[in-house]
Amino acid sequence: MTAVDAPTARLDRRGRLVVLAICCTSLFIVGLDNTIVNVALPAMRQDLGAPLSGLQWIIDAYTVVLASLLVLAGSTGDRIGRRRTFRAGLVLFTLGSLLCSLAPGLGWLVAARAVQAVGGSMLNPVAMSIITNTFTEPRERARAIGVWGGVVGISMALGPVLGGVLVAAVGWQAVFWINLPVGLVAFALCGRYVPESRAPRARPLDAVGQVLVVVLLVGLTYGLIEAPAAGWTSAQTLGCFAVSALALVCLVPHELRRPEPLINPRFFRSAPFAGATGIAVCGFAALAGFLFLNTLHLQEVLGLSALHAGLLTLPMAGLTAVCAPLSGRLVGGVGPRVPLLVAGVGITASALVLTGLSADTPLWQIITSYVLFGIGFGMLNAPITNTAVSGMPRAQAGVAAAVASTSRQVGQSLGVAVIGAVVTSAARGPLSVGLPQVGWWVVAGCGGVVLVLGVLTTGRWARGTAERTAARLGG
């Protein structure tokens with residue numbers, strides 16, 4: 001044990017629970033912000049005169065920047081201090097939230113969302129690293145990770161409900177105001193109760209790898225969102241995809257050559273880790289697409305208010321709240337396979353229920369879909385997180401957790417970008433007429449991938465690859 005880890009080791013059970021509560025409080029507002037904005041999109045569209053692509057950028061400016069910087073933030077916390085990085089993230093996230101609420105136009109709002117994301121990138125992976133290094137006993141750590149995963153899932157499911165209430169009562173600016181008091185309180189409590197810790201040896205900055213990750217994600221997302229307007233075969237679209245592909249081709253060999261890479265491609269030799277990454281991308285793409293499509297259907301097609309649209313998602317939020325901690329217990333007791341199978345079936349079935357959605361679809365059918373999605377998504381988070389950090393060396397906990405968090409954000413970015421793009425391309429009239437069904441089939445496909453990967457990456461062969469990978473990494 002190193003000197004910097006000693007304060008963490010001296011914490012009693014109450015102290016460890018306080019640290020967990022502080023991390024979860026901060027993660028709650030980050031997870032909430034991923035989805036609370038969705039229900040406010042129609043109000044923003046009307047107030048700011050934003051096109052559909054503008055609504056996509058309000059979501060993806062946050063998720064793309066977050067995904068681009070999560071791995072860097074995780075390794076930075078391991079290097080310069082997790083508490084220091086965590087508090088800096090709280091400051092930037094709170095400031096970004098204030099700027100969002102004051103934005104006078106679409107461009108300003110998108111820029112402020114990027115500032116928010118820079119701060120948010122310092123919270124998720126660093127908090128997971130703090131938790132991993134605070135709870136060192138395996139069963140206790142599994143329970144803590146289950147709580148963490150549950151908080152993320154609950155916050156993201158509650159976002160539309162709370163957003164609907166705030167937009168109806170105050171306006172779309174209020175969905176950002178809620179972050180201000182929580183961020184300030186968490187900043188103060190973190191300074192008092194969370195001990196400083198860092199990895200035993202500082203990891204060098206991988207500037208080239210970081211630039212390639214940014215180019216990869218920004219190029220892909222920009223190409224997808226702007227493709228319906230520019231044309232799928234236009235020079236702009238094909239150029240974006242080519243630049244993104246080139247960044248990926250350069251990233252992998254570059255990272256393999258580095259003794260301490262930003263993203264270690266060797267992690268993916270572990271089938272459970274690679275599977276958890278794929279499941280995170282597809283599961284969170286399904287969530288982002290599901291919420292994006294439902295927000296447009298409920299408010300643009302059915303003409304419901306933000307409050308009524310948010311309240312209709314209560315079954316999804318409630319079942320996510322119930323199933324998220326249950327998933328954590330299942331992972332600790334029987335492993336990740338059962339919750340992953342339930343997640344895949346629930347997400348797929350919920351989307352299939354809505355493949356024939358129209359203005360005449362009965363309300364009970366929509367609510368049934370929300371129930372199924374709530375069960376499926378509630379089961380998703382805990383097995384992803386537990387698998388990502390299990391078997392990895394503690395010194396690399398921040399990086400491993402950051403890859404899992406990055407996969408979630410990449411999934412959300414792609415979910416909004418891809419589904420928004422295919423819906424826009426297939427639309428034959430204004431959104432108020434109805435949304436093309438292809439979006440729901442994409443969501444169903446994402447759920448199917450979660451189901452298949454849940455089966456393939458949780459068996460004996462997969463566990464063997466995880467053990468061999470951990471041995472190679474020195475775990």
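Biologist: Is L352 buried, exposed or partly exposed?
Modeller: L352 is partly exposed, at 39% relative accessible area. Buried means under 20%, exposed over 50%, partly exposed in between, with a 1.4 Å probe and protein chains only.

Biologist: What should I know about the model?
Modeller: This is a predicted model, where local features need pLDDT of at least 70, side-chain atom pairs count only at pLDDT 80 or more, and totals for chains, interfaces and linings use all residues. Residues are numbered from 1 along each chain as its sequence is written, and side-chain values use heavy atoms, leaving out hydrogens and water.

Biologist: Which helix holds L352?
Modeller: Helix α16, residues 337-353. Helices are DSSP runs (H or I, at least four residues), numbered from the N terminus.

Biologist: And how far apart are the C-alpha atoms of L352 and A188?
Modeller: They are separated by 46 Å. Along the chain, L352 and A188 are 164 residues apart.

Biologist: New topic. How many helices and strands are in the chain?
Modeller: The chain has 21 helices and zero strands. Its radius of gyration is 21 Å, close to the 23 Å from the globule rule for 475 residues, so the chain is as compact as a globular protein of that length. That radius is taken over C-alpha atoms, and the rule is 2.2 Å times the number of residues to the power 0.38.

Biologist: What does the C-alpha trace span?
Modeller: About 65 × 45 × 40 Å along its principal axes.

Biologist: What share of the residues is buried?
Modeller: Buried residues make up 59% of the 475.

Biologist: Where is R329?
Modeller: R329 sits in helix α15, residues 314-334. R329 is exposed, at 69% relative accessible area.

Definitions and conventions:
Helix = DSSP H or I, 4+ residues; strand = E, 2+ residues; numbered from the N terminus.
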